[in-house]
Number of protein chains: 2
Amino acid sequence: MPRKPRQARSRATVNAIVEAGFIAVATHGPTGATTRQIADIAGISVGSLYEYFTNKEAIFKAMSERFVADTVAMIQPLVPELVRKPIRQTILDLLGHFRVFLQENNELYLKCARHAFTMDFEEYLDPVHKLLVDIVMQHLLHNPELTRVRNIPAMIYIFINGGVFAVIRHLSEDNPPISFEALSEGLADMVGHYVSQELSEPSGKITAGPG
Amino acid sequence: MPRKPRQARSRATVNAIVEAGFIAVATHGPTGATTRQIADIAGISVGSLYEYFTNKEAIFKAMSERFVADTVAMIQPLVPELVRKPIRQTILDLLGHFRVFLQENNELYLKCARHAFTMDFEEYLDPVHKLLVDIVMQHLLHNPELTRVRNIPAMIYIFINGGVFAVIRHLSEDNPPISFEALSEGLADMVGHYVSQELSEPSGKITAGPG
DNA sequence: TAGGATTTCCGAATTGAATCCGAACAAGCA
DNA sequence: TGCTTGTTCGGATTCAATTCGGAAATCCTA
């Protein structure tokens, strides 16, 4: 049974384990990363590792939470500025910052995010989802006419689950078939055009009914 | 060193191993699936498994190739019909068929696709990419005015890497925040609106230049 | 269709990583 | 300082991955 750290010393240990986890996974992938490696990098023994984590997966879980928290913390301060810009620019900025974030520390996070599914990152994406919803909501406040755009929740869903992973995959590719700029402008235009088109359509448009 | 099967018997064995792989991964995930399980499900012994596959990862690789080949084989016959329809409908149809495909056999493929990154499915997506490009090209032949749409390669990239994974994730969720219909219509509208908007813009539009 | 060559299959043995556990060490406190 | 609780350690155990030396099936040819 894993224990809760009480003293500063053990809290530092837990922290070191999570950070060592990122390094080990970035270097050897989630399968290749061994608990011994993680312990070595963290400068502790394997035994200590199991004091705080049930198993290797629990370390991955902590890493996921850390990653998501760091992502949110990275974006949060940008929000006030972002919500004032036109949609297209907001998205370009978001993607640009996300790229830098992923590539920091010799691509530490990027190399881990690549294996996101393995480590169930997705199950912890909720805070990111909430943040995006928040940004959209504030956008709506600044631009009330956008309220006419249909299907905003679906757009957010697609953007998070599709856009973000498209970016992660793109940055992980050795020879991507398109440039990062083409990708991010594609995403920005896709959303931007969607909104423009929605706004240019008669507001009472009815889509296929049930049945 | 893995051997090439020569007789029908061993070809059946290899096939059984790959299919057992899908079942094992669908049931226990790529980490939880053991070679013994796979061998048991395939009705052979562990030893035989290593006659044809260097290691567990090689089995995953074969599974990825099979999955991609099956996906292409599923879509291919639909192409002639798809390329005649309006874009929005083409996408809705594609996604609908893809959904059925993933959910067949008690969601066998869906449960595996969820772990796509772990098993490096992405590295084998090329045939799917080519197929989509083909569909788009044929669309262009039927609707020459679409040639004015910019950034088509980026759209395809986003659609494959974003759209497809958004769908896979959505179908894997217990309580998705939006319905599948909302998701697929969102994707269809996103592409459809993008195209409409592009066509409604003056053709010589210049985006930011280099530097 | 017997006998040897080739291919396929088998499962106990080996290897190495994940995890456990009881002893040793450090910190907090009286 | 003596006692209690928190923390660390690393050898021992367990279990999955992979190997290997034949046994069994199939093929081929006389």
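Domain bounds are taken from an automatic or database domain assignment, and in chain A this gives domain 1 (1–54) and domain 2 (64–200). The model is predicted, with local features requiring pLDDT of at least 70, side-chain atom pairs counted only at pLDDT 80 or more, and totals for chains, interfaces and linings using all residues. Residues are numbered from 1 along each chain as its sequence is written, chains are lettered from A and ligands numbered from 1 in the order in which they are written, and side-chain values use heavy atoms, without hydrogens and water.

**View 1. The two domains of chain A.** Taken over C-alpha atoms, the centres of domain 1 of chain A and domain 2 of chain A are 30 Å apart. About 780 Å² is buried between domain 1 of chain A and domain 2 of chain A, and carbon and sulfur atoms give 80% of this area (accessible area, 1.4 Å probe, that two parts lose on being put together, summed over both). On the side of domain 1 of chain A, F22(A), A26(A) and P30(A) lose the most area to domain 2 of chain A, together 66% of what that side buries.

View 2. The side chains of E19(A) and R66(A) form a salt bridge at 3.6 Å, N to O (a side-chain nitrogen of Lys or Arg within 4 Å of a carboxyl oxygen of Asp or Glu).

**View 3. Phosphate oxygens of DNA strand C.** A polar side-chain atom of S10(B) lies 2.2 Å from a phosphate oxygen of DNA strand C, and for T13(B) the corresponding distance is 2.4 Å.

Terms used: Polar contact = N/O pair within 3.5 Å; in protein donor to acceptor, adjacent residues only side chain to side chain.
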